[in-house]
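This briefing is meant to be read next to the sequence and the 3D view. Please keep both open while going through the points.

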There are 2 protein chains.
Amino acid sequence: MRDPVLLPPLLRALNGEPLATPPVWLMRQAGRYLAEYRAVRASAGDFLDLCHSPDKAAEVTLQPIRRYGFDAAILFSDILVVPDSLGQKVTFAEGEGPRLTPIRTSEDLAVLSKIGFQDKVRTVWRTVSLLREALDPNVALIGFAGSPWTVATYMVEGRGSKDYIAVKKMAYGDPGLFARLIEILSDATFDYLIGQVDAGAQVLQLFDSWAGVLPEDQFRRWVIEPTKALVQRLKAARPGIKIIGFPKGAGVLAEDYANETGVDGISLDSSQKLSWAVETLSPRFTLQGNLDPILLVSGGPALDRAVDHILEVTKGVPFIFNLGHGIVPETPPENVAALMKRIRK
Amino acid sequence: MRDPVLLPPLLRALNGEPLATPPVWLMRQAGRYLAEYRAVRASAGDFLDLCHSPDKAAEVTLQPIRRYGFDAAILFSDILVVPDSLGQKVTFAEGEGPRLTPIRTSEDLAVLSKIGFQDKVRTVWRTVSLLREALDPNVALIGFAGSPWTVATYMVEGRGSKDYIAVKKMAYGDPGLFARLIEILSDATFDYLIGQVDAGAQVLQLFDSWAGVLPEDQFRRWVIEPTKALVQRLKAARPGIKIIGFPKGAGVLAEDYANETGVDGISLDSSQKLSWAVETLSPRFTLQGNLDPILLVSGGPALDRAVDHILEVTKGVPFIFNLGHGIVPETPPENVAALMKRIRK
């Protein structure tokens, strides 16, 4: 039995403590691979309605905790709640990904407004409060937002992208305009995250899914600098808050990201070389990751070997077991159960 | 005036010689951004017809050499010529990317046959011969193929992918079957490249566009090992042939790739940290890359700064100026002219 006087394992790991059995949670652990999620999802309106329905959002957040006993719950929401709440039109077509009315000019930028922002995101804060009340004290509660760069890519492209031409044209060709967008986003994201902390989030994760598409100098300017500024403001306003950064695809630049942004933990995508991260970043940073989510689809001996490898390489350093990217809907739920058993054996 | 007794600059760089002005070519330099390409493309049937029309394929290969004076011509072709020539159905719908009848089972694998393969790819070898005759001796001729892993992803997925679930399910869940596919591909690719060398290609580039989606152990097994085997066979059969590997998105694992595969040069994608590559891989390997192709779309001061930065960081090491990925159709041709001027100023 766990000792309730101790901090939850996730926070101990983020304090730099290596644990014999690492805490575990999985990105997108509340999601379509679970029948109980699909049932709630079907009862909600569109996807953003679900994000703004505190009872339902809290319920889907808790489902995987009940089923698998993860060490952390992550608020069920979406990184595009921020642009939507700033006044940009955001829709989710089933199976097609998000669509936004793209922002390409300074006139387009004028559509964004912080008036009403707090009222709009209050539902999310309410979800966090419900979660904190419902959760066992040993289960950490993680709030999150997209990093300014990644959210900006959606806002400028208007959808997921292959080449990121529109957003890079703005960032490279009109950096003054792009800096204004990043500034608006950073301010809103700060307020949004502070509200999550005040509602009970103990850890914040910043998702920078498209960090890996920028060359070094632009990575410094649009990934590292805004993240660093946001982390500094958050830590100044709420001392003690733990922050995990997830600069997906950053490769070698993950080292600069960790050293310069001030995050406590760094989440590693599946292609990151884990032994390099341990040598380069441990124990100054708590590592998180980096199982390939598709191993959870295929299961079997390849999954077992990969799990054992991750546990072996991270032995003795502060570590949080996780995936390198979100669970995919095709994942058989029994493979997640097998994963948990193997980690905690 | 260049001394014709010397090797072409590209080969000097691949021999490990640092040049005051690096040789330059650009991935997908023959392509839709050029009006003269679009004219030839419109006169051909479908995209694969163009790849199999030696006169037209040679013409589009030469167009950017005439216009910009690049230091190398790269055979105009496509990495899917190999599966198509092995008997898999491959089509290109305009603006939609390739579609293949996916290979998922050992029965599907039986569709592939080396009978007729050489007759099918002979047109490509003919293109290479025409090019070697047409090119100035100072301009190096590059042949290429996709690496087995990347070509296999298309063959199993049946198209470009976001999650690579189908190919990873096979690679992780049925590695014996996947190894047979990789073996068939490796053999065909070997023959295909030997034919290119014998027709006049002086350098070969292996494109591994999806190298970056695999975790470390799978990267070793499906990227490094097959590439190493292919490089060894090619170098044994045609001593002196120079080989450039392009493990896109490999991040930190690019070091292992370089050290273990036996390639002479390594092409770096745009997100790779160039100073790290210089410290880690120079001068044992010739570096190539890594300008973000979208900087060629936006142009202006950001492009100039990026070019100067690349030239500065690679000063004194063997280097080939290139992009981190292919030119995009939206590129204004005058930006390529400005790039050439700046590199050679």
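The points below cover symmetry, the sheet, the interface and the core.

The model is predicted. Chain A can be laid on chain B by a turn of 180°, and 34 residues of chain A are in contact with 34 residues of chain B. Chain A also holds an open sheet of 7 strands.

**Symmetry**

- The superposition of chain A on chain B has an RMSD of 0.0 Å, with a shift of 0.0 Å along the axis.
- This is how copies are related by a two-fold axis.
- Within chain A, A:G251 has the C-alpha nearest the axis, 2.1 Å from it.
- Both copies use the same surface, as 100% of the contact residues of chain A recur in chain B.

**The sheet of chain A**

- The strands of the open sheet follow the order 1-4-5-6-7-8-9, and their pairing is parallel.
- Strand 1 (72-74) and strand 9 (319-323) of chain A each have a single partner strand, so each has one side without a neighbour in the sheet.
- From one strand to the next, the twist averages 25°.
- Strand 1 of chain A runs parallel to strand 4 (residues 140-146) of chain A and is joined to strand 4 by 3 bridges.
- In this pair of strands, A:A72 is the residue opposite A:A140 of strand 4 of chain A.
- Helix 13 (residues 274-281) of chain A packs on the sheet, where it touches strand 7 (265-268) and strand 8 (286-291) of chain A.
- The direction of helix 13 of chain A makes about 175° with that of strand 8 of chain A.

**The interface between the chains**

- The contact involves 34 residues of chain A and 34 residues of chain B.
- On the side of chain A that touches chain B, at least two residues each come from helix 9 (165-173), helix 11 (216-237), helix 13, helix 14 (293-298) and helix 15 (300-313) of chain A.
- Helix 9 of chain A gives the most to this side, with 5 residues.
- Sorted by class, the side of chain A that touches chain B has 16 nonpolar, 10 polar and 8 charged residues.

**The nonpolar core**

- The largest nonpolar core has 225 residues, and A:I142 and B:I142 touch the most other members.
- Beyond its neighbours within four places in sequence, B:I142 is in contact with B:A72, B:A73, B:I74, B:L75, B:A201, B:V203 and B:Q205.

How values were computed: Residues numbered from 1 in each chain as written. Chains lettered and ligands numbered in written order. Predicted model: local features only at pLDDT ≥ 70, side-chain atom pairs only at ≥ 80, totals over all residues. Least-squares fit on C-alpha atoms with pLDDT ≥ 70 in both. Contact = placed C-beta atoms within 7 Å. Pairing = 2+ DSSP bridges. Helix = DSSP H or I, 4+ residues; strand = E, 2+ residues; numbered from the N terminus. Axes fitted to C-alpha atoms, helices over the stretch in contact; angles between N-to-C directions. Nonpolar A, V, L, I, M, F, W, Y, C, P; charged D, E, K, R; others polar. Core = buried A, V, L, I, M, F, W, Y, C linked by C-beta atoms within 7 Å. Buried ≥ 20, exposed ≤ 12 C-beta atoms within 10 Å, placed from the backbone.
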